[in-house]
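Take a look at the sequence and the model below.

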Amino acid sequence: MVIVMKDNATESQIKAVSDRLEEIGFRVHKIVGVNRTILGALGDKRTVDLRQFQYSEGVHEVLRITEPYKLAGRIFHPEDSVVEVKEASFGGERISIMAGPCSIESEEQLFTIADAVKKAGAKVLRGGAFKPRTSPYTFQGLGLEGLKLMKQAGEQFGLATISEVMEISQVELMDQYVDIYQVGARNMQNFSLLRELGKSRKPVMLKRGMAATIEELLMAAEYIMAGNNYQVVLCERGIRTFENYTRNTLDISAIPVAKKLSHIPIVADPSHGTGRRDQVGPMARAAVAAGADGLIIEVHHKPEQALSDGAQSLYPHQFTRLMEELRMIAWAIGREIN
Ligand code: PEP
Ligand code: MN
């Protein structure tokens with residue numbers, strides 16, 4: 001249930017409603033908007049007579065949330081949420097681009113790519129240290145050594161960093177090394193991991209599971225937010241369909257749908273969404289045109305030698321060119337990439 005306070009509600013009126021909600025067993029989330037305050041009440045409302053709130057002083061209206069997601073929903077938080085990390089911003093007018101290798105492979109590899117993506121205008125360096133590989137016999141990532149390189153590269157090139165967290169035991173460790181936790185598609189419904197990330201105060205980029213509906217994605221975000229971590233960014237990375245020319249089918253329509261249902265920023269991953277270098281640019285451009293708040297793109301200076309996902313990694317010069325195209329598309333829809 002959501003209680004929308006009047007524009008001119010006083011602090012004491014807001015407090016009185018909030019106290020009453022808590023008294024009868026609700027958990028209250030207070031959202032102070034530009035014009036009005038909204039009180040989100042989470043709990044079992046079956047035995048409560050909601051009319052008592054309708055006529056309380058300072059109350060504009062009482063809304064029931066019928067969707068299963070509450071904190072993640074638009075009703076609860078009508079304005080777009082903005083997640084800011086160093087120079088990157090997701091959810092506002094500004095669109096930020098994350099780029100880097102699929103996996104961190106060596107200092108030379110990571111630093112060469114970080115330098116190139118920084119010069120092209122990326123604000124976040126991506127790179128996996130713990131890799132969720134389909135085969136246990138392929139490269140699994142450099143682990144801690146990779147995280148250390150990530151931190152150094154981020155500092156040297158003035159980039160925020162993002163890397164995938166695969167299990168609860170890595171959460172605390174990674175906290176010292178990266179700015180944004182990435183939850184991979186295969187872990188979107190790892191509820192114990194999501195709960196653990198809910199205790200963190202660092203942003204989490206949550207990738208859509210390859211067979212997950214948008215509602216399931218929002219419910220996964222709800223797990224993180226229920227722990228009071230509101231810094232969540234959703235990521236559309238393609239879903240499994242019958243089409244097999246591309247690795248996945250990038251669901252561009254998930255972007256406006258998620259934006260309609262939720263206030264949480266959403267970015268797109270055209271690299272995993274297509275699996276093919278020649279399709280990354282068109283899908284990146286489409287995602288920005290569709291309203292994505294950012295992109296995450298794989299870039300490698302020697303993709304033919306990459307230890308993972310070389311076939312979908314852009315060469316640095318392709319990434320630089322794409323950034324220029326994306327700036328024009330952003331401008332055409334009243335947004336900005338910088
Ligand atoms: C990745 O970003 O490197 C990755 C493994 O992505 P996903 O979880 O979307 O497959
Ligand atoms: Mn990858």
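What covers the buried residues of α5? This is a predicted model. In it, the cover includes the helices and strands in this table.

| Element | Residues |
|---|---|
| β9 | 160–164 |
| β10 | 180–183 |
| α6 | 191–199 |

Helix α4 is also part of the cover. Helix α4 spans residues 144–157.

Helix α5 runs through residues 168–175. Its buried residues are Gln 170, Val 171 and Met 174. They sit on the same side of α5 because they cover an arc of only 120° around the axis. In an α-helix, residues three or four places apart point the same way, because there are 3.6 residues a turn. The face turned away from the buried side of α5 carries Ser 169 and Glu 172, which are exposed.

**How α4 meets α3**

Two packed helices are described by the angle and the distance between their axes. Helix α3 covers residues 107–120. The axes of α3 and α4 come within 10 Å and cross at roughly 35°. This crossing of α3 and α4 is right-handed. From α3, the contact uses Glu 107, Leu 110, Phe 111, Ala 114, Asp 115 and Lys 118. From α4, Leu 149, Met 150, Gln 152, Ala 153, Gln 156 and Phe 157 take part. Sorted by type, the residues of this α3 and α4 contact are seven nonpolar, two polar and three charged.

**The whole chain**

Now step back. The chain is divided into domain 1 (2–63) and domain 2 (83–337). Their C-alpha centres lie 37 Å apart.

Notes: Residues are numbered from 1 along each chain as its sequence is written. Chains are lettered from A and ligands numbered from 1 in the order in which they are written. This is a predicted model: local features need pLDDT of at least 70, side-chain atom pairs count only at pLDDT 80 or more; totals for chains, interfaces and linings use all residues. Side-chain values use heavy atoms; hydrogens and water are left out. Domain bounds come from an automatic or database domain assignment. Axes are lines fitted to C-alpha atoms, for helices over the stretch in contact, and angles run from 0 to 180 degrees between N-to-C directions. Helices (H or I, at least four residues) and strands (E, at least two) are DSSP runs, numbered from the N terminus. A crossing is left-handed if the near helix is turned anticlockwise from the far one by less than a right angle, and right-handed if clockwise. Contact means heavy atoms within 4.5 Å. Ala, Val, Leu, Ile, Met, Phe, Trp, Tyr, Cys and Pro count as nonpolar, Asp, Glu, Lys and Arg as charged, and the others, Gly among them, as polar. Buried means under 20% relative accessible area, exposed over 50%, partly exposed in between (1.4 Å probe, protein chains only). The arc is that of the directions from the helix axis to the C-beta atoms.
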